[in-house]
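Please look over the model below.

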Amino acid sequence: MERIKVGLVGFGTVGSSFYELIEKHKDRLKEQLGVEINITKVGVNNPRKHLNSLPAGVLLEGYEDILKDEKLPIIVELVGGVEKPLDLVSRALKAGKHVITANKALLSQHGDTLFRLARENGVELKFEASVGGGIPVIKVIRESLKGNEIESIMGILNGTTNFILTRMTEEKLTFKEALTEAQKLGFAEADPILDVEGVDAAQKISLLASISFRKWVDYREILCEGIGKVTKKDIEFAEYSGFVFKLIATAKMDKGRAVVTVFPALLPKSHPLASVREEYNGVLIKSDFLGTSMYLGRGAGGSATASSVASDLGDLIERIRMKALPDPVELSPIEKLELFPQGELSYKYFLHFVTDNKPGIWATVTGLLASNNINIESVQQKWEDPTKLSDLYILVDITKESFVRKAFREIVNSPGIHTESCFFRILED
Ligand SMILES: NC(=O)c1ccc[n+]([C@@H]2O[C@H](COP(=O)([O-])OP(=O)(O)OC[C@H]3O[C@@H](n4cnc5c(N)ncnc54)[C@H](OP(=O)(O)O)[C@@H]3O)[C@@H](O)[C@H]2O)c1
């Protein structure tokens with residue numbers, strides 16, 4: 001039976017699970033693919049840590065020997081970070097090796113260059129595990145929906161923030177308490193800033209938008225807000241009004257320009273994504289012939305992510321054996337996609353003003369909303385103790401983002417209104 005040699009770089013959470021999967025399912029994969037997969041080299045940073053986990057002769061320090069090995073047609077990059085993987089992946093592609101990665105940070109920053117390199121060298125760069133962990137969302141967009149035009153994508157793409165918001169909603173925890181619990185359970189990193197500030201979700205939705213709309217979206221240019229400003233009070237008011245807070249990523253085309261966003265949104269409790277709880281991810285894809293379809297599953301973790309890496313490896317081997325390379329989708333030219341101006345976006349909004357407890361505050365707030373052409377749907381004020389600050393909650397009808405930003409600035413600069421005030425967007429469909 002034919003054998004195919006694979007080089008693996010990284011033997012951490014995902015790398016070790018991927019190795020385990022290939023070993024455990026060797027016979028099954030042989031039957032499915034008609035070849036035997038041999039991971040002959042595994043590069044790590046510190047080999048001493050892994051002496052008991054890998055056979056002698058397989059374990060290596062770094063990745064130079066893997067790059068030099070002409071008998072390795074496929075390299076699996078599971079290192080993390082950007083600098084080293086960029087060096088590894090670009091050199092592997094230039095050497096004519098196919099690469100599989102789970103690294104959304106690498107692809108969202110350097111995908112345009114790396115996909116070009118793959119194209120120029122007639123090899124593939126596969127990346128299913130970079131979005132949605134174990135959910136095969138990239139495969140769905142590229143294969144299952146082949147005959148469809150993708151109209152929109154809406155999803156919960158970050159398990160850490162979904163876990164935090166779930167705990168804040170269901171257990172009434174503060175943001176800090178929920179984050180500490182997420183860290184204890186291994187759902188949040190010691191430094192969770194990329195998750196909490198929405199950057200991880202922005203990188204993922206930009207990748208999904210790029211493959212769906214066939215042009216490059218730079219995640220650094222999209223509207224991106226994290227969950228750091230969401231308080232227990234905001235969640236309580238949302239719940240009382242029939243909504244649930246979720247960090248939502250969206251992508252759609254509007255008159256030739258892309259609307260790609262990440263922000264904490266209020267969803268009606270009946271919305272399909274409202275029931276995606278804990279560290280799970282969920283993605284809704286609307287396409288012209290299928291309509292809306294939903295994909296749900298574990299968005300992170302070693303075994304779920306390894307499952308997607310293995311699926312990429314299986315696909316790649318089948319294509320190598322059929323001599324069907326390279327994949328035309330991966331080879332499409334990468335032009336940049338024009339983004340819809342953020343100020344022109346429009347939503348319904350939930351505004352929360354923290355105010356002094358004195359006469360005239362309502363008049364100031366409602367007056368400034370009216371002068372900015374913003375139509376109020378409902379107002380509620382909460383103050384348990386007249387000597388303390390009060391909370392003014394306002395829901396407003398659909399309006400332009402630029403109007404809300406201007407009105408909010410003017411209101412927060414008015415006497416008696418405090419800077420802890422905030423606003424959030426409502427997504428109804
Ligand atoms: N963890 C998840 O749930 C998850 C989910 C989706 C995607 N991903 C992505 O998967 C990738 C891997 O994540 P992970 O959580 O598995 O990371 P990890 O646990 O930190 O493992 C990183 C591995 O890379 C090795 N390494 C670091 N520098 C290296 C170098 N210069 N040469 C060779 N090996 C080197 C480390 O070696 P040592 O063991 O010797 O330190 C370690 O084995 C990342 O891109 C991440 O974004 C992860």
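Predicted model: local features only at pLDDT ≥ 70, side-chain atom pairs only at ≥ 80, totals over all residues.

Eleven residues from domain 1 and twelve residues from domain 2 take part in the contact. On the side of domain 1 that touches domain 2, helix H5 (residues 104–121) gives the most, with six residues. By type, the residues on this side of domain 1 are four nonpolar, five polar and two charged.

The next element to consider is helix H13, which spans residues 361–371. Its buried residues are Ile361, Val365, Leu368 and Leu369. These four lie on the same side of H13, because the arc they cover around the axis is only 105°. A residue counts as buried here when 20 or more other C-beta atoms lie within 10 Å of its own, and as exposed when there are 12 or fewer. By that criterion Ala363, Ala370 and Ser371 are exposed, and they sit on the face of H13 turned away from its buried side.

The buried residues of H13 are covered by several elements, including the strands S13 (346–355), S14 (376–382) and S15 (390–400). Helix H14 (401–412) is also among the elements that cover them. Just after H13, the backbone at Asn373 has a positive phi of about 70°.

Technical notes. Residues numbered from 1 in each chain as written. Contact = placed C-beta atoms within 7 Å. Helix = DSSP H or I, 4+ residues; strand = E, 2+ residues; numbered from the N terminus. Nonpolar A, V, L, I, M, F, W, Y, C, P; charged D, E, K, R; others polar. Arc of directions from axis to C-beta.
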